[in-house]
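I am opening my notebook on a structure that is new to me. Come along while I look things up one at a time.

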Amino acid sequence: MMPSKLLPKITLSPHPSNTSSVQWSDWKWQARNMLTTPQDFEPFINLSSNEQKGFSQAHNLFRVGVTPYYANLMDKHNPWCPIRMQAIPSFHETEIRNEEMTDPLGESLNNPAPSVIHKYPDRALLLLTDRCAIYCRHCNRRRLVGGDTPINKEKLDKAFDYLRKTSTIRDVLISGGDPLLLSTHILGEVLSILRSISHIEIIRIGTRIPVVLPMRIDEALAKELSKHHPLFINTHFNHPKEITKEAKQACETLINHGIPMGNQTVLLRQVNSSVTCMRQLMRDLLKIRVRPYYMFQGDTVTGVDYLRTPVEKAIEIMEGMRGWISGMAIPHLVLDAPGGGGKIPIGPTYIQNIDKTQVHLRNYRQQSIVYPQPIATDCTVPYDDIFFENIKSDDY
Ligand SMILES: *Cc1c(COP(=O)(O)O)cnc(C)c1O
Ligand code: SF4
């Protein structure tokens, strides 16, 4: 027999036809075998000429990477597939406009310590890693994610120092990159440190893992996270096609450990930019007990103009949901201000006129309604002075 080192190395595609079910359900195998080149995608889909051009022209603008699990949800023959459009570069990414920014939300202007973004009075973002289990074409942090910089303990210590000394922070959002790509052990350590800071009341994790690498969510992870309550998870489903039995199982595992789950959807042109699609997505999320939280108007990030919708379309979609489907299923529509002003709620206007005696409104069926104002107007709560004795009004 020939020594094996003389044999040509044959790398099998991580397509399910070459893969054992043990490998497929091993999240580390999925993460190691992310698809990055056009050749990698060949067993999964027939690349369109737009997608081929995207690969040859746009690959150096923002890294490509998808788990085999997520690639396996792609429609082999249809380039309009919403999974393909989120994951495969388009040549439109090279059409860069002057208005676009590498840092559309002005995060670098609100960066008081390494890995910390502190923009709002009482909450801060902690960016734990720059790696993801998919590199979404619409990502607004493309300037930061997709490198290969492992978390650096020295920087993290500075981040923790900042969070420790800034006692106005009540709510820490762990994000990235995708924090759930870290080992359960490291996550546990980070959470313990945050929990040792007494002014931090709640912890949130932002992650796309339940959507793109659901096998990562195992009992051990959910159990570790549940030691650090109150802890919330916000995930990022953009299309009903992403709600598979595996994704449902991942969300269930977390929720059954007492972790409330929310969803932050990005409105993406020709991916989910219709009333039909958004109604279905929001209803399907509620069915798996994931509460719609935000729907984002697209950010002005470099090369992503082709995925943005006019603001009117976003408002029309909200109009098509409010009143028509369960109120529990309706997210807040927000536009994150270019330059860093924070999230601004936008949406249909229901108040048509307001004065001291009456409010004129319209309902979701376009019927006019008159609401009589009360006569008394003093709304100070006398008991506040007793109940909130120790809280000064300038205290956040
Ligand atoms: C979105 C965001 C938050 C959290 O905002 P909420 O409206 O509380 O969900 C906090 N910090 C930054 C920088 C953000 O972009
Ligand atoms: S998972 Fe989130 S951070 Fe990562 S590429 Fe997608 S949008 Fe960006």
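These entries cover the ligands, the pocket and a few backbone details.

**Ground rules.** I note that this is a predicted model, where local features need pLDDT of at least 70 and side-chain atom pairs count only at pLDDT 80 or more, while totals for chains, interfaces and linings use all residues. Residues are numbered from 1 along each chain as its sequence is written, chains are lettered from A and ligands numbered from 1 in the order in which they are written, and side-chain values use heavy atoms, with hydrogens and water left out.

**Ligand 1.** Which residues are around ligand 1? I listed I117, K119, Y120, R123, L125, L173, R204, Y293, Y294 and K343; a residue is near if one of its heavy atoms lies within 4 Å. By class, I found six nonpolar, no polar and four charged residues in this shell. (Ala, Val, Leu, Ile, Met, Phe, Trp, Tyr, Cys and Pro count as nonpolar, Asp, Glu, Lys and Arg as charged, and the others, Gly among them, as polar.)

I then looked up strands and helices, which are DSSP runs numbered from the N terminus (strands E, at least two residues; helices H or I, at least four). β1 (116–120), β2 (123–127) and β7 (290–296) each supply at least two residues of the shell around ligand 1, and β1 gives the most, with three.

Next I checked polar contacts, which here are pairs of N or O atoms within 3.5 Å. The side chain of R123 has an N or O atom 2.6 Å from an oxygen atom of ligand 1. For Y293, a polar side-chain atom is 2.6 Å from a ligand 1 oxygen, and for Y294 the distance from a side-chain N or O atom to an oxygen of ligand 1 is 2.4 Å. Taken alone, ligand 1 exposes 380 Å², and the protein buries 90% of that (Shrake-Rupley method, 1.4 Å probe).

**Ligand 2.** I found C132, I134, Y135, C136, C139, G177, R208 and H236 surrounding ligand 2. That shell divides into five nonpolar, two polar and one charged.

**The largest pocket.** Of the 48 lining residues, N140, R141, S175, Q264 and F296 are the closest to its centre. The lining divides into 24 nonpolar, 13 polar and eleven charged.

**Backbone details.** G176 and G177 are joined by a cis peptide bond, with omega about 15 degrees. Another cis peptide bond joins H229 and P230, with omega about -5 degrees; P230 is in the loop between α10 (219–225) and β5.

How values were computed. A polar contact is a pair of N or O atoms within 3.5 Å; within protein, one must be able to donate a hydrogen and the other to accept it, and residues adjacent in sequence count only if both atoms are side-chain atoms. On a 1 Å grid over the protein atoms alone, a cavity is a set of points where a 1.4 Å probe fits but cannot get out, and a pocket is an open set with protein on both sides within 12 Å along at least five of seven lines; lining residues have an atom within 4 Å of a point.
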